[in-house]
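The following report is a reading of one structure, to be followed with the sequence and the coordinates side by side.

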Amino acid sequence: MTQFDVLSPVPGRVIELADVPDPVFAQALVGPGLAVDPDRSGPVTAVAPVPGRLVKLHPHAFVVQTDDGAGVLTHLGIDTVQLAGEGFRLHVAEGDVVAAGAAVVTWDPAAVEASGRSPVVPVVALEATPGQLGGLRAAGPAEAGDVLFTWAR
Amino acid sequence: MDKAEQILKALGGAGNIVEIEPCATRLRTEVHDAALVDEKALKAAGAFGVISAGQVVQVVVGPEADTIATDIEDLM
């Protein structure tokens, strides 16, 4: 069994995944996790929540897969696919190997909110069972790089 | 049948698709006739869930959505 920490990709306030305004995330259809309601203080750089390879990289969402195959999805806002990359600046390329805490995408949560979308950031342990997650951080403020939860698999 | 073929069939076939667009976790699909969509078959094809609202059917397939959408477009 391996166990590792999953970090907050952005500064903000931790909320329950169930409180994300999107049924796919709220019902944990792609996996359990937490979400962060990001600070609206201007552009922020989302960082990798775990070390590994960027197996998927969209402007508004990315998946980092650890060496043993665990995938963590970070989704920057809800319905942000509709922005077609506008306002998102990538620092890495798909396939790159990154350290936990490495810069991935710079974006502006306030601008996403101004476009009428929620900037909430779900952080999802893909295809994990809820019992594999431990130490879930309680609702409240968090910095980028703070531990959101631990994944044992 | 591969996953893309199964999903396309369960959505009522190419003739039922108005638009199909991948997101990070799902295929956002607009169909002509929602009654032709077979949720059970979508789940059997590997979908984690299906969220329907009128003619918009979101098929939750996880991060492979973009690959599957490309495969489906190739079949249409």
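Relative accessible area is computed here with a 1.4 Å probe on protein chains only, and a residue is called buried under 20%, exposed over 50% and partly exposed in between. The model is predicted, so that local features need pLDDT of at least 70 and side-chain atom pairs count only at pLDDT 80 or more, whereas totals for chains, interfaces and linings use all residues. Residues are numbered from 1 along each chain as its sequence is written, chains are lettered from A and ligands numbered from 1 in the order in which they are written, and side-chain values use heavy atoms, with hydrogens and water left out.

**Two positive phi angles in chain A**

Most residues other than glycine have a negative phi. A:D79, in the loop between β7 and β8 (89-90) of chain A, has a phi near 65°, a positive value in a residue other than glycine, and at 26% relative accessibility A:D79 counts as partly exposed. A:A84 also lies in the loop between β7 and β8 of chain A; its phi is near 50°, likewise positive in a non-glycine residue, and with 69% relative accessibility A:A84 counts as exposed. The strands and helices named in this report are DSSP runs numbered from the N terminus, helices being H or I runs of at least four residues and strands being E runs of at least two.

**Buried positions and their contacts**

A:T74 belongs to strand β7 (residues 71-75) of chain A and is buried, with a relative accessible area of 0%.

A:A48, in the loop between β4 (44-47) and β5 (52-58) of chain A, is buried at 0% relative accessibility.

A:L126 sits in the loop between β11 (121-125) and β12 (133-134) of chain A and is buried, with a relative accessible area of 12%.

| Pair | Separation in sequence | C-alpha distance |
|---|---|---|
| A:L126 and A:L29 | 97 residues | 9.2 Å |
| A:A48 and A:A100 | 52 residues | 5.1 Å |
| B:A35 and B:L11 | 24 residues | 9.3 Å |
| A:I15 and A:L34 | 19 residues | 6.4 Å |

B:A35 is found in the loop between β2 and α2 (39-44) of chain B, and at 67% relative accessibility B:A35 counts as exposed.

**The annotated domain of chain B**

An unreviewed UniProt entry carries the annotation "domain: PTS EIIB type-1" for residues 1-76 of chain B; UniProt positions are given in the numbering used here, feature names are shortened, and annotations may be inferred rather than shown by experiment. The end C-alpha atoms of residues 1-76 of chain B lie 15 Å apart, and the span is 33% helix and 29% strand.

Under "active site", UniProt (unreviewed entry) lists B:C23. B:C23 lies in the loop between β1 (17-22) and β2 (26-31) of chain B and, at 3% relative accessibility, counts as buried. Neighbours within four places in sequence aside, B:C23 is in contact with A:H60, A:H75 and A:V81 of chain A and with B:R28 and B:A65 of chain B.

**Helix packing in chain B**

Two packed helices are described by the angle between their axes and the distance between the axes. The axes of helix α1 (residues 3-10) and helix α3 (residues 65-75) of chain B come within 9 Å and cross at roughly 70°; such axes are lines fitted to C-alpha atoms, for helices over the stretch in contact, and angles run from 0 to 180 degrees between N-to-C directions. α1(B) and α3(B) are therefore roughly perpendicular to each other, given that angles under 35 degrees count as roughly parallel, over 145 as roughly antiparallel, 65 to 115 as roughly perpendicular and the rest as oblique.

In this contact, B:K3, B:A4, B:E5, B:I7 and B:L8 of α1(B) meet B:I68, B:D71, B:I72 and B:L75 of α3(B). By class, the contact of α1(B) with α3(B) has six nonpolar, no polar and three charged residues, where Ala, Val, Leu, Ile, Met, Phe, Trp, Tyr, Cys and Pro count as nonpolar, Asp, Glu, Lys and Arg as charged, and the others, Gly among them, as polar.

Notes. Contact = heavy atoms within 4.5 Å.
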